[in-house]
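User: Hello! I am new to this structure and would like to learn how to read it. Could you take me through it feature by feature?

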Amino acid sequence: GKNEYDLLVIGGGSGGLACAKEAAQFGRKVAVLDYVEPSPRGTTWGIGGTCVNVGCIPKKLMHQAALLGSALKDAQHYGWNISQPVHHTWSVMAQGVQNYVKSLNWGHRVQLQDKKVKYFNIKGSFSDPHTVRGLTKAGKETIVTADNIVIATGGRPKYPTHVAGALEYGITSDDLFWLKESPGKTPLVSYSYILCLYKIIVYICLTGVSPDVSLECAGFLTGLGLDATVMMRSIPLRGFDQASQISKKNQICFTIQQQMASLVTEHMESYGTKFLKRCFPTKVEKLKSNRLQVTWKNADLNTEETDSFDTVMWAVGRVPDTKTLNLEKVGVKTNSETGKIIVDASEATSVPHIYAVGDITEGRPELTPTAIAAGKLLAQRLFGQSSELMDYDNVPTTVFTPLEYGCVGLSEEAAVQCHGSDNIEVYHAYYKPLEFTVAERDATQCYVKMVCLREREQRILGLHFIGPNAGEVIQGFALGIKCGATYPQLMQTVGIHPTCAEEVTKLRITKRSGLDATVTGC
């Protein structure tokens, strides 16, 4: 018989919701299935996906809270009388952030209702290529059929299960933003690894994806006055590497460059975040005091070391949330190594009428705006007679560490790989933001780099910016680079004085020249 819906979206995150709402605009009958499996610590949340609930939104708000703490220190240099010591109350911040997130959950529910999109809060799995069987939390079954199905279930944080006590005693970013009380001394552990005081340790693993989250979390935890330690097994921000992302021209879209990563972590160290480099944890044990004792190996010294923390946070990458979808039954192909769904340029899977968008897809940047754009364009192709494909080239992004890092296009390393070292020119400069002068803040790591082709046109291949408000700066220049801007054109652009973004329009020194790239300021 006839299928009940024109489109069924499995997953209520950024990409899935954007696709569903766009399809509804064409008068199609649309349904969304969304269900959040509680984290091992029991944390759960509402509709909206990772970005809204345990990603971009709460992360940026807590980053802002930390920046306000730094601004209080600066304020004294500008004549403000701030009584010391300044104290931060985690519970007040958490309540405000969580209330805002819940308002976004409610907003999505209302928008779906307004657009007549049916919402099912159930966990779905394929019965056949057009049928999804769903179960409510209470175990009640619902059968949904659709002509077209979009998978947009995103990913969830991994646990290093080979580390004794990791699952029993650790948390991830799925839990951190929903803590009602301060995590204390926290180690953040990453493969790159992070450890974070109260003492929090964050362990990051750079063989996974998005370890930038660990550095961002360690950064705002330090800014909030906690004793944060980052344990890194290898190099920082390696998971920010998008080398697997291949464009239609078979070129790497962008790759984190280690020069920029080093500047970010150097600033974090001067900011107060501790780093345990080339270390990896072996076990976590709970002490009688209820604190957590972490044991790790130091690869350089070949020693075993221990310390105790209030919280251990793992940031060892993410895995696609496909385990319960029953993809193999309907023939949807996945990458055997990553578990991600293989799609073509039109987001189509190996099964006709089944599509996938967002973090679940192989070779796509794990970024909210790309998922939203891809979801909308997919709906327009399915129901709006459009043929426009998502362009994943020159996608800008930012790491919200205490000193932010934003980039668009190719890194220096990727440009060399694509075009050869003799065919690129790199312009760069260190600079000091005017805001840092009166406050006597260190600007050693404030840096701009532009990667260009050396040919006469000197097309800009990539722009990298470390400094205040990096996301705002890069967003503006991203349009020009997307449109094929050249170095001469940028040099003809008049900067806004005195701003950090102005420094991009003043890049005159090349790495090749060997001249001092330090700018003294206005």
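Analyst: We will go from the overall form to single residues.

Analyst: A word on the ground rules: this is a predicted model, in which local features need pLDDT of at least 70 and side-chain atom pairs count only at pLDDT 80 or more, while totals for chains, interfaces and linings use all residues. Residues are numbered from 1 along each chain as its sequence is written, and side-chain values use heavy atoms, with hydrogens and water left out.

User: Let me start with the fold. How many helices and strands does the protein have?

Analyst: Helices (H or I, at least four residues) and strands (E, at least two) are DSSP runs, numbered from the N terminus. In this protein there are 14 helices and 23 strands.

User: What does the radius of gyration say about the protein?

Analyst: The radius of gyration is taken over C-alpha atoms, and the globule rule is 2.2 Å times the number of residues to the power 0.38. For 522 residues, a compact globule would have a value near 24 Å, and the protein agrees because its radius of gyration is 24 Å. Along the principal axes, its C-alpha atoms fill a box of roughly 75 × 70 × 50 Å.

User: And how do I read burial? What share of the residues counts as buried?

Analyst: Buried means under 20% relative accessible area, exposed over 50%, and partly exposed in between (1.4 Å probe, protein chains only). Of the 522 residues, 54% count as buried.

User: What is the accessible surface of the protein?

Analyst: Accessible areas come from the Shrake-Rupley method with a 1.4 Å probe; for residues, only the protein chains shown count as cover. The protein's accessible surface is about 22,900 Å², with 51% of that belonging to carbon and sulfur atoms.

User: How many positive and negative side chains are there?

Analyst: Lys and Arg count as positive, Asp and Glu as negative, and His and the chain ends are not counted. The place of a charge is taken as NZ of Lys, CZ of Arg, CG of Asp or CD of Glu. Here there are 53 positive and 51 negative side chains, and the centres of the two sets are 4 Å apart.

User: Now the cysteines. How many disulfides does a search of the whole structure find?

Analyst: A disulfide is a pair of cysteine sulfur atoms within 2.5 Å. The search finds zero disulfides. Cys446 is in no disulfide, and the nearest cysteine sulfur, that of Cys500, is 6.8 Å away. Cys446 counts as buried, at 0% relative accessibility.

User: Next, the backbone. Which residues does a cis peptide bond join?

Analyst: Pro85 sits in the loop between helix H3 (56-77) and helix H4 (90-114). Another joins His497 and Pro498, where omega is about -10°. Pro498 is in the segment after helix H14 (487-491).

User: Which residues have a positive phi although they are not glycine?

Analyst: Asn394 is one of them, with phi of about 50°. Its place is the loop between helix H10 (368-383) and strand S19 (397-399), and Asn394 is partly exposed at a relative accessible area of 22%. Gln458 is another, with phi of about 55°. Gln458 lies in the loop between strand S22 (447-453) and strand S23 (460-466) and counts as buried at 14% relative accessibility.

User: How should I compare distance along the chain with distance in space?

Analyst: Take two pairs, C-alpha to C-alpha. Ala429, in strand S21 (residues 424-430), is 74 residues from Glu503 in sequence and 8.1 Å from Glu503 in space. Ala299, in the loop between strand S14 (292-298) and strand S15 (303-309), is 160 residues from Arg459 in sequence and 43 Å from Arg459 in space.

User: Finally, which residues does the UniProt domain annotation cover?

Analyst: UniProt positions are given in the numbering used here, feature names are shortened, and annotations may be inferred rather than shown by experiment. The unreviewed UniProt entry carries the annotation "domain: Pyridine nucleotide-disulphide oxidoreductase dimerisation" for residues 395-506. Over residues 395-506 the chain is 28% helix and 26% strand, with the end C-alpha atoms 23 Å apart.
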